[in-house]
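Let's walk through this model together, starting with what accessibility tells us and then moving to its cores and charged pairs.

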Amino acid sequence: MFNAIGIWVAIGLTICVYSFLYKDNPLFKFAEHLFVGISAGYLLAIAYHTNFLPYIYYPLKSALTEGKYREFSVLIPSLMGLMLFSRFVPRYNWMVRWPFAFLMGYSAGVKIPVIMQADIYRQIQGTIQPFGDKSSLWAITNAVMIMLGVICTLIYFFFSRERKGLSGGLSEAGIIFLMIGFGASFGYTVMARISLLIGRVDFLLQNIPFINSIVSNGR
Amino acid sequence: MNRKILAIIILFFIPILPIISTAETANLRGIDTPNDNGGSIILEWEVDTEFPRIKSYRIFRSEVTIGDMKPIGNAEPGVNRYIDNKVTRGKGYYYIIQTIYNDGVVANSPMIGPVVPKAQWFDKSLLPTAGGVLIISGILIFFIYHAKSGKKLTIRRIPGLEAIDEAIGRATEMGKSILYVSGIGGIRSMATIASMNILSRISRMAAEYETPLLVPCSDPVVMNIEREIIRNAHMDAGRPDTYRQENVFFITEEQFAYAAAVDGMIIREKPAAIFYMGAFMAESLILAEVGNVSGTIQVAGTDSITQLPFFIASCDYTLMGEELYAASAYLSKDPLLLGSLKGQDIGKLIVIACIIIGVILQLLGYQWFTNLFR
Amino acid sequence: MKRQIPLIISFVCGIFMLIQFFIPHPGFISVYRGILNWARIIGVFALIIGIGTLVRLHFRRITRRSPGWFYSVVVFAGLIVTASAGIIGGTRGKLFVWIFQNINIPLDATMFSLLAFFMASAAYRAFRARTLDATLLLIAAVIVMFGRVPIGDFLWQAVAPQSWVDKVPFLPEQVAEWVMSGPNMAARRGIMIGAALGAISTSLKIILGIERSHFASSSQ
């Protein structure tokens, strides 16, 4: 019973969302608002169990009842969290900047070496490594093309030079590489998205009894 | 010689032979794992090719010199390395490796030790990365402060950024709102941080023109910071009275629920301009196509490579990759920030130089330069 | 003072997080983990405020009887039922799991699948644009698309002269592979490196307090 209702609910909501393709209508509005409400509720429940309980409540509890005074350290971030509410008190709303400064500073610092390694070093290495393989002309031609592509794309992103002369020509070549690259990645995802659509349509065909009977009679 | 005695002597020596040999050849060494937090010890030995009859190795460990050896792990024949991860920093450990033969004979190596795992203060394997960070940061900081000296910097036109002014102007003329979508990335995504910086410029312009700016957020931390940014922008524009905090609100972190809600806003609120700046995933096209169909002027900016083609196809202008990060500097016209753009250009020149040098060295058969970038 | 403290916090946190990457010492690692947990804890409070803004928005729509206020009731119903089912009954509770499986998953999958239609309309627009950029994009897209489906090779084998087919029976697939690993890879790398430099620059400006729209208006 519980499951049967579930399938009907899922069918109904699937149709509600697809109705948006025709135009905005009450069915889509209903599905959209339900989706927002439920996912926000879901988030709240998950945050309660995976963040609030283990990182705030249990440490404080063990500090108070078991005398693990080190756990009181969670009070510092909790205080910073509470500072976010200072916005609602005009006299103290400058306090809201402390947690922001902490969060922004922390995100900015943690990323620098990671980006250096993954997005710069690995990419340089990936571009020069293939030149070690001199066994086939094809491999070297490909490596040269990739290298030129990387250099031209980088030149495309130069900000302090007008695009004239040689750098202009190279950055034009950069645009060609960019557009082919974007097209390729567009084409690459098309099939994956179509298979998602097929998956949904299949779900409807399998589960709506009326259609299901026609489909299975036809088979 | 009596054959019986000879047979006994031979039988006696057979089991001892491998013991003597392995004890000699195993040559067990234990070293503190370099560049780690003091949580492991590496054991190495020589694989004995003379004895293909080896079934396995067994590793024993003790925390005292005599006795109390406990088995901690096994190694396959042919393997010559074992990493002991269950050690405490600063403590001494003694090891023996036991070779087990197919015929059941076992032989122990001499005991080695004490091996003391230590934590290092610098991971030497990351030296090239540290060097890169220092060089790039040094250049950027130099150009940021060099710009202070008042030397004029020319920055080329970026059409996508000029379109931002145009879009805000159009929204003002039409008396409609602007929608700003800062993506689904959290505070740890640099694209989101770049987006927040752009938001600060855009909200200031919107505040000056008194054009409402709607900011639906998908991350609660980002939402909190964006509220502050917009409040500050209104103060900078001298219009603290026009700041509406309820225009910056959280929807949900769930990617497609967020997309559905923003689509709904695009259709119902009919903003005159939409900005998509930050980190995006598959929802990019769900948003931008609906915006396109509704006839809104749309400017996107992201470094999410897989989403760029969709923004290009659906938006009027798209800031690609580095252009997203340059936007805030460009819009602010602040010389310090513009200086950083020059620094980024020098960074790119260095990268290009590294690629060219690397290719030449690689063609000449030198691998060490390539290995620096591991 | 009110202005200096956030600058100092940003600077110290940023520099610490930057250098801890290179230091394997357990002392640093435990401080790093501690800071990660701190960010998580602040996130809980941020979420409460976030949900608060959502609640306030829809509460106002209901009390003011704005057009479509009924849908705001739907938001509340979804929020309250799901959150209480999850908090009281646990994340493995029957009702919570039911809601997730029968409402969340289908809505998610259906929204995702809308992309098939949107991709078609985006491609059609690119097709009509008739600029060099759009043409290049479209040609590359078609080549890769055909190379990734069996019909591409099938068409090639049916249409091309037999001697060519014998030489390269899977040409569409091979060409697609080449476009992905050649020009596409080059463009990706170029964008990645450029964006990385931009990201490092942005990070530095935050750490050094040059970009500080998040904690100070310039008039203060």
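Buried here means under 20% relative accessible area, exposed means over 50%, and partly exposed is in between (1.4 Å probe, protein chains only). This is a predicted model, where local features need pLDDT of at least 70, side-chain atom pairs count only at pLDDT 80 or more, and totals for chains, interfaces and linings use all residues. Residues are numbered from 1 along each chain as its sequence is written, chains are lettered from A and ligands numbered from 1 in the order in which they are written, and side-chain values use heavy atoms, with hydrogens and water left out.

Let's begin inside. A nonpolar core is a set of buried Ala, Val, Leu, Ile, Met, Phe, Trp, Tyr and Cys residues joined through side-chain atoms within 4.5 Å. The largest one has 206 residues, and Ile164(B), Phe275(B), Tyr276(B) and Met111(C) have the most contacts inside it. Another core, of 18 residues, lies apart from it and includes Leu28(B) and Tyr101(B).

Now for the charges. A salt bridge puts a side-chain nitrogen of Lys or Arg within 4 Å of a carboxyl oxygen of Asp or Glu, and the count over all chains is 19. In one of them, Glu162(B) pairs with Arg157(B), with the closest N and O atoms 2.9 Å apart. Arg157(B) is exposed at 51% relative accessibility, while Glu162(B) is partly exposed at 30%.

Asp345(B) and Lys348(B) also meet in a salt bridge (2.9 Å, N to O). Here Asp345(B) is buried at 1% relative accessibility, and Lys348(B) is buried at 0%.
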